[in-house]
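Here's a quick briefing to read alongside the model. Have the 3D view open as you go.

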Amino acid sequence: MRTLRAQVTAILVAAVLVVIALANGAAFFIARPQWPPFGAGVIAPAILDAVALAAKLPPGTDAPALRPAPPAGPLDEMASRQLSDALARLGQPHPVRVLRPEGGSPVTAIGLADGRWLVLSGGGIPPPPRGPPGGTFGFAVWLALMILGVTGVVVLAVRRLTRPLALVEEAARRIGPDGELPVLPERGPAEVRAAAAAINRLSARLKASMDSRMRIVAGAAHDLRTPLTRMRLRAEFVADEEDRAQWLSDLAELDRIADSAIRLVREEVEGGALEAVRFDRLVEQVATELREIGLGVAVRGTVPGLVSGRPLSLKRAVRNLAVNAATHGASAAHGAGLGGGARLAVSADAERVVLVIEDDGPGIPEALMGRVFEPFFRVDPARQVKIPGAGLGLAIANEIIARHGGGLTLSNRPGGGLLQRVELPAADAGQDGDE
């Protein structure tokens, strides 16, 4: 009942049923000419006229309608009570017995003041009220059919009216990890075609805007390469060694920023076929490469896990996360006199493969945790001096993992440091996992 379609359906069904009930009730009361059936203006006055004539006859008069006692037979209590009330309303109460013998017409007996009974056959007494055909079961079937019929018609009408909304919901559900909206077929009723056309126009404009942004970033990063090269050559001729080293360090930092921007754009536009990858082997290879360049990276345990993806992209994502943990962890450990570094572990089950990376760094303030995947974002601007990097490592890793159908989450460890958790969908074990 939380969806708009279900709520509108329930409201319309309830409204239609209430209207039907009110209309039936109003028609019932309007169609009946008289209620109760023994109204003072029809039957009761005629009976009182007969009672008045019978009362004028002296006792002992031989009249077939006068009897010393009422006749025997099945008593209609409801009719007797209603006729007695009608006579009382006219100011002449009398005992009344309405009998309904089997196979015969009803008999009405009126008690006179001298103890005799006036017996009238028929007398306009209507038959007892009957229920609907089939009794209670027939009424229940009729009610159920009415409810089902009304509900079916309302459901069809609501589905047609809310089809554009369902189309929007379907389009939102089919948005891929690249953020692009699917192209919807423009067919069906006019409203559905209009909604599909609007969503397709929105998708085209968003894609054009994203492509334009990526081209601007890639073009700016590429154009920086030429002036950076000229500045690096000029820096080589600086006489002072300390100044020359500072110039070369700053230029190297600019070159890393430009290279990271190009890589980010490449990850957003990169396509290609997927293949089966042994993720545990890939993590071990990354750890070995990072140890060779002097970073403290240790693999604490791995379980064979197979994922479907692009090996180079996955290796780049794991490398960025491991470098981030090893660099910040080593920096914090150096200041505290600890070993530092990053610790990697891979686990897997039938549905997913999980990589957990831990470090002993300063962690991330909870207030900034939601911004860590923004491009060029740094938790502490002061780190730009102590720790090299463009602030794109996490953004690139998150983009790669999302494009592989996985997720990347970060959290602070209770004892200090950061925990990075990567979850990727497991591939079919029957595929070839050799790289």
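What follows covers the overall build, a surface patch and some salt bridges.

This is a predicted model, where local features need pLDDT of at least 70, side-chain atom pairs count only at pLDDT 80 or more, and totals for chains, interfaces and linings use all residues. Residues are numbered from 1 along each chain as its sequence is written, and side-chain values use heavy atoms, with hydrogens and water left out.

**Overall build**

- The protein chain carries eleven helices and eleven strands, taken as DSSP runs (H or I, at least four residues, for helices; E, at least two, for strands) and numbered from the N terminus.
- Of its 435 residues, 33% count as buried, where buried means under 20% relative accessible area, exposed means over 50%, and partly exposed is in between (1.4 Å probe, protein chains only).
- Take the contacts (heavy atoms within 4.5 Å) between residues at least 6 apart in sequence: 65% of them join residues at least 24 apart.

**Surface**

- The chain exposes about 25,500 Å², with carbon and sulfur atoms supplying 60% of that; accessible areas come from the Shrake-Rupley method with a 1.4 Å probe, and for residues only the protein chains shown count as cover.
- Phe137, Val141 and Leu145 make a nonpolar surface patch of about 330 Å². Patches are made of residues with over 30% relative accessible area and no salt bridge, with nonpolar side chains (Val, Leu, Ile, Met, Phe, Trp, Tyr) joined within 5 Å and like charges within 9 Å.
- Leu145 sits in helix α4 (residues 135-161), and at 57% relative accessibility Leu145 counts as exposed.

**Salt bridges**

- Searching the whole structure turns up eleven salt bridges, each a side-chain nitrogen of Lys or Arg within 4 Å of a carboxyl oxygen of Asp or Glu.
- Arg116 and Asp114 pair up at 2.7 Å, N to O; Arg116 is buried at 13% relative accessible area, while Asp114 is partly exposed at 43%.
- Asp360 and Arg343 form another salt bridge, at 3.1 Å, N to O. Asp360 lies in the loop between β9 (352-359) and α10 (383-386) and Arg343 is in strand β8 (residues 342-348), so this pair ties together parts that are 17 residues apart in sequence.
- Asp360 is partly exposed at 30% relative accessibility, whereas Arg343 is buried at 13%.
- Those two also belong to a network of salt bridges that links Arg343, Glu358, Asp360 and Arg413.
- Arg352 bridges to Asp349, with the closest N and O atoms 3.8 Å apart; Arg352 is partly exposed at 35%, and Asp349 is partly exposed at 43%.
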